[in-house]
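Have the viewer open as you read.

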Amino acid sequence: MYFLIDATSFYCSAEKVMRPDLRKKPVIALSNNDGAIVAVCPIAKRLGIKKFVPYFQVKDIVRKHGIVVTSSNYELYHSLSTKMMDTISQFADDIYIYSIDELFARFDTTLSHDSWTALGRDIRRTVWKEVRLPVGVGGGMTPTLSKAASHAAKHLRGYNGVAVIDNEQ
Ligand SMILES: [Mg+2]
């Protein structure tokens, strides 16, 4: 079984780790030169802010809603990424780091659908408890299926951050 685990709006979530007072506020993160938006937290998303848009185009919405704007802080992202990967690696037989906020975890055991889902929730809870980062978990028999499951985990109703594809239904 493979799990694809990735942090939600990683750069924004990382800022919220350092500043818990921002946790319930809309936050966006800007690119190196503050030119473009590279991360949007779910609260800011609901206000209509989109990723990869030039910052100047949303300045009015930012002002109107008091959206918190942060510059990229790659040292912070790197250190939280390492913590997140270390925490997850304790659960898995092997991990493959795919990007700064995303990894594939391999499990060599056989479990029921419900147990895989429970494991996914456990990993999610543990990463939150230890690193204060929200993550999504997708499970599947191949890395590709786990990536598809992770999309479901994040975007389809009722999954709450964990989805496992382990049968045809
Ligand atoms: Mg992510």
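In the protein chain, residues 24 or more positions apart account for 58% of the contacts with a separation of 6 or more, where a contact means heavy atoms within 4.5 Å. Keep in mind that this is a predicted model, so local features need pLDDT of at least 70 and side-chain atom pairs count only at pLDDT 80 or more, while totals for chains, interfaces and linings use all residues. Numbering runs from 1 along each chain as its sequence is written, and side-chain values use heavy atoms, with hydrogens and water left out.

On to the fold. The protein chain has 6 helices and 8 strands, taken as DSSP runs numbered from the N terminus (H or I, at least four residues, for helices; E, at least two, for strands). Their order along the sequence is β-α-β-β-α-α-β-α-β-β-α-β-α-β. With a radius of gyration of 17 Å against the 15 Å of the globule rule for 169 residues, the protein chain is as compact as a globular protein of that length; the radius is taken over C-alpha atoms, and the rule is 2.2 Å times the number of residues to the power 0.38. The C-alpha trace spans about 50 × 35 × 25 Å along its principal axes.

Of the 169 residues, 44% are buried. Buried is under 20% relative accessible area, exposed is over 50%, and partly exposed lies in between (1.4 Å probe, protein chains only).

Now the metal. Which residues coordinate the magnesium ion? Asp6 (OD), Ala7 (O) and Asp101 (OD) do, at 2.1 to 2.4 Å. Donors here are N, O and S atoms within 2.8 Å of the metal (3.2 Å for Na, K and Ca), and since water is not among the atoms, sites may look incomplete. The donor spacing in sequence reads D-A-x93-D. Aspartate 6 and aspartate 101 are 95 residues apart and link distant parts of the chain: the former is in strand β1 (residues 2-7), the latter in the loop between β5 (94-99) and β6 (102-106).

| Residue | Relative accessible area | Class |
|---|---|---|
| Aspartate 6 | 6% | buried |
| Aspartate 101 | 12% | buried |
| Tryptophan 128 | 32% | partly exposed |

Tryptophan 128 belongs to helix α5 (residues 113-131). Leaving aside residues up to four places away in sequence, tryptophan 128 touches Arg23, Leu133 and Pro134. Its C-alpha atom is separated by 20 Å from that of valine 164, 36 residues apart along the chain.
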